[in-house]
Amino acid sequence: MVHKVKGVVARSKGAPVTLETILVPEPGPGEALVDIITSGVCHTDLHYKLGGISDDFPFLLGHEATGVVSAVGPDVTDVAPGDRVVLNWRAVCGNCRACNRGQAQYCFNTHNATQKMTLEDGTELSAALGIGAFIEKTLVAAGQCTKVDPDADAAAIGLLGCGVMAGLGAAINTGGVKRGDTVAVIGCGGVGVAAIAGAALAGATTIIAVDIDAKKLDRAKGLGATHTVDSSATDPVEKIRELTGGFGADVVIDAVGRPETYKQAFYARDLAGTVVLVGVPTPEMTLELPLLDVFGRGGSLKSSWYGDCLPSRDFPMLISLYKQGKLDLDAFVTERITIDQVEEAFEKMHSGSVLRSVVEL
């Protein structure tokens, strides 16, 4: 059986997205069919639309999603029809060298569904991050489904599928923020403010938000920032040092991913401090630092993919904290939209007027 459903497609680089009929097959071995409830409009989807990730057009966009499993392949046992799930793009294999040493969050062999979803004319679609969630029903690897509490607000918890988890994890998992730490976050979009929320959740006492946009800095204060720095008017390195007793922060998170912001992060950290790169650079970017400074300052320079998360471990824990009122995931949901409003949501993302637009199906 093949399901005919509506989905959002990017056919060519930079062109407006279109709402089209998609053919979705029944799940085969290791696969699950998921009825989508919500899907956040993430900057990664915009990267796909603009050709910044690959040129494998047409793309089926969307990946930050919740849904209900409607069918599974014959060998799937971890999830079953009727399960509420958050989708993720880290379906761990369980057998690679990272999994075998107990570090499944670094799995080197994550996987997606084997079968392809197609347009009506048979053209195969490239699903964003192996998910493709701006659609009524999608096909994924069963390992991309993390079973969650069905009572939690789908729009809020679905954001753990990408951006919010990336930021929270950059602070908690990669950065290892501890009680009493000083933390600076450069770039206060969705990932950056999630990193701020993560630092607050971990017990950091000084949390410095850096951005050039006053609206984003205001949002950062609402999610745990104790200080803000407008880097269009103030040298952020000098200001971060001033706010940390002249030393620099214990952990500095670059949520922008540009050479200039990385250098700011590098020089704004304390001796033996940690820099975490979670903002995604583009392929042509290069970085030059004096090697003596790298050696002389000590500490750690880390990159954070997906917040170094393990969905089966992190999603249920964070949803529990959300339900207890200790993690405000609702604050990330700026607006709830319909599936035919995705192109408008991309425009709002450009203007910085939203943290997340969430498609409700």
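Predicted model: local features only at pLDDT ≥ 70, side-chain atom pairs only at ≥ 80, totals over all residues.
Just after helix α4, Gly176 takes a positive phi of about 60°.

Helix α4 covers residues 163–174, and ten of its twelve residues are buried. Those buried are Gly163, Val164, Met165, Ala166, Gly167, Leu168, Gly169, Ala170, Ala171 and Thr174. The cover over these residues comes from several elements, including the strands β5 (64–72), β14 (249–254), β15 (269–277) and β16 (300–303). The helices α5 (190–202) and α10 (311–323) also take part in covering them.

The axes of α4 and α10 come within 12 Å and cross at roughly 100°. An angle from 65 to 115 degrees counts as roughly perpendicular, and the two helices are therefore roughly perpendicular to each other. On the α4 side of the contact are Met165, Leu168 and Asn173, and on the α10 side are Arg313, Asp314, Phe315 and Leu318. By type, the residues of this contact divide into four nonpolar, one polar and two charged.

Next come the aromatic rings. A pair of rings is described by the distance of the centres and the angle of the planes. The model has four aromatic pairs. One of them joins Phe266 and Tyr267, with 4.9 Å from centre to centre and 90° between the planes, an edge-to-face arrangement. How exposed are these two residues? Buried means under 20% relative accessible area; Phe266 counts as buried because its relative accessibility is 0%. Tyr267, at 25%, counts as partly exposed. Phe266 also has a charged neighbour: Arg297 lies over the face of its ring, at 5.9 Å from the ring centre. Elsewhere, Arg97 lies over the face of Phe108, at 3.9 Å from the ring centre.

Ring pairs also link Tyr48, Phe57 and Phe59 into a cluster. Phe57 has a further feature in the backbone: the peptide bond from Phe57 to Pro58 is cis, with omega near -5°. Pro58 itself lies in the loop between α1 (43–49) and β4 (59–60).

Finally, which residues other than glycine take a positive phi? Leu129 is one of them, with a phi of about 50°, and it is found in the loop between β8 (126–127) and β9 (137–141). Ala272 is another, with phi near 65°. Ala272 itself is exposed, because its relative accessible area is 57% and the cut-off for exposed is over 50%.

Methods:
Residues numbered from 1 in each chain as written. Heavy atoms only, no water. Buried < 20%, exposed > 50% of the residue type's maximum accessible area, 1.4 Å probe, protein only. Helix = DSSP H or I, 4+ residues; strand = E, 2+ residues; numbered from the N terminus. Contact = heavy atoms within 4.5 Å. Phe/Tyr/Trp six-rings, centres within 6.5 Å; stacked < 30°, edge-to-face > 60°. Lys NZ or Arg CZ within 6 Å of the ring centre and 35° of its normal. Axes fitted to C-alpha atoms, helices over the stretch in contact; angles between N-to-C directions. Parallel < 35°, antiparallel > 145°, perpendicular 65-115°, else oblique. Nonpolar A, V, L, I, M, F, W, Y, C, P; charged D, E, K, R; others polar.
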